[in-house]
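This briefing covers one protein chain.

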Amino acid sequence: MARIAKMMHKDAAWLEVHPQYKAYSWDFHFDEMKHEDGFYYHFTQCPLNTFARKEGYLEVLPIMCDIDYKTAALMHAKLYRDHTLAGSGEVCDYWFVGDKVENPK
């Protein structure tokens, strides 16, 4: 989980140094206190969501979001998600927990 957290914080830090790309990227919101286990963040802006809605590719948007679960598995994690922008949510939420953790909190 530490590696995932480091990677996401690094991406967010890069955007702080390159503000000209903020309008075209994800806007990371980290919450270290939301869960006892794992690593949580959400965003309210997604360039994939923006592009798909603008260009009329809504049918592929859920598939693109599902890739996050496969990516998590490759990182030996489970992704728990309640909302996506693709599913008309107000946020895309990501709660990564180690794949060996049972009953995460």
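Leaving aside neighbours within four places in sequence, which residues is Val91 in contact with? The model is a predicted one. In it, Val91 is in contact with His42, Phe43, Thr44, His83, Thr84 and Leu85 once its neighbours within four places in sequence are left aside.

- Val91 has its place in the loop between E3 and E4.
- With a relative accessible area of 19%, Val91 is buried, because buried means under 20%.
- Val91 and Tyr41 are 50 residues apart along the chain, and their C-alpha atoms are separated by 9.9 Å.
- Phe43 touches Val91, and also Trp26, Asp27, Phe28, His29, Leu85, Cys92 and Tyr94, not counting residues up to four places away in sequence.

**Nonpolar core**

- In soluble globular proteins, nonpolar side chains tend to be buried together.
- The largest nonpolar core here has 17 residues, and Phe39, Tyr41, Phe43, Tyr94 and Phe96 have the most contacts inside it.
- At least two residues of this core come from each of helix H1 (2-17), strand E2 (39-43), strand E3 (77-80) and strand E4 (92-98).
- H1 gives the largest share of the core, with five residues.

**Aromatic rings**

- The structure holds 13 aromatic pairs.
- Phe28 and Phe30 form a stacked pair, with 6.0 Å centre to centre and 0° between the planes.
- Phe28 counts as buried at 18% relative accessibility, whereas Phe30 counts as partly exposed at 27%.
- The rings of Phe51 and Tyr57 have centres 5.9 Å apart and planes at 15°, so this pair is stacked as well.
- Phe51 is partly exposed, with a relative accessible area of 49%, and Tyr57 counts as partly exposed at 41% relative accessibility.
- One aromatic cluster is formed by Trp26, Phe28, Phe30, Phe39, Tyr41, Phe43, Tyr94 and Phe96.

**Nonpolar surface patch**

- Which residues form a nonpolar patch on the surface? They are Trp26, Leu48, Phe51, Tyr57, Val60, Ile63 and Met64, with about 620 Å² of accessible area together.
- Helix H2 (47-55) and helix H3 (61-74) each supply at least two residues of the patch.
- Leu48 is found in helix H2.
- The relative accessible area of Leu48 is 35%, so Leu48 is partly exposed.

**Salt bridges**

- How many salt bridges are there? The count comes to two salt bridges.
- One joins the side chains of Lys22 and Glu16, at 2.9 Å from N to O.
- Lys22 counts as partly exposed at 35% relative accessibility, and Glu16 counts as exposed at 54%.
- Another salt bridge is formed by Arg81 and Asp68, whose closest N and O atoms are 2.6 Å apart.
- Is Arg81 buried or exposed? Arg81 is buried, with a relative accessible area of 14%.

**Positive phi angles**

- Most residues other than glycine have a negative phi.
- His76 has a positive phi, near 60°, and is a residue other than glycine.
- His76 lies in the loop between H3 and E3 and is exposed, with a relative accessible area of 55%.
- Ser88, also a residue other than glycine, has a positive phi near 70°.
- Ser88 has its place in the loop between E3 and E4 and counts as exposed at 63% relative accessibility.

Note on methods:
Residues numbered from 1 in each chain as written. Predicted model: local features only at pLDDT ≥ 70, side-chain atom pairs only at ≥ 80, totals over all residues. Heavy atoms only, no water. Patch = residues over 30% accessible without salt bridge, like charges linked within 9 Å, V, L, I, M, F, W, Y side chains within 5 Å. Areas by Shrake-Rupley, 256 points an atom, 1.4 Å probe, with all protein chains shown as cover. Salt bridge = Lys/Arg side-chain N within 4 Å of Asp/Glu carboxyl O. Helix = DSSP H or I, 4+ residues; strand = E, 2+ residues; numbered from the N terminus. Buried < 20%, exposed > 50% of the residue type's maximum accessible area, 1.4 Å probe, protein only. Core = buried A, V, L, I, M, F, W, Y, C linked by side-chain atoms within 4.5 Å. Contact = heavy atoms within 4.5 Å. Phe/Tyr/Trp six-rings, centres within 6.5 Å; stacked < 30°, edge-to-face > 60°.
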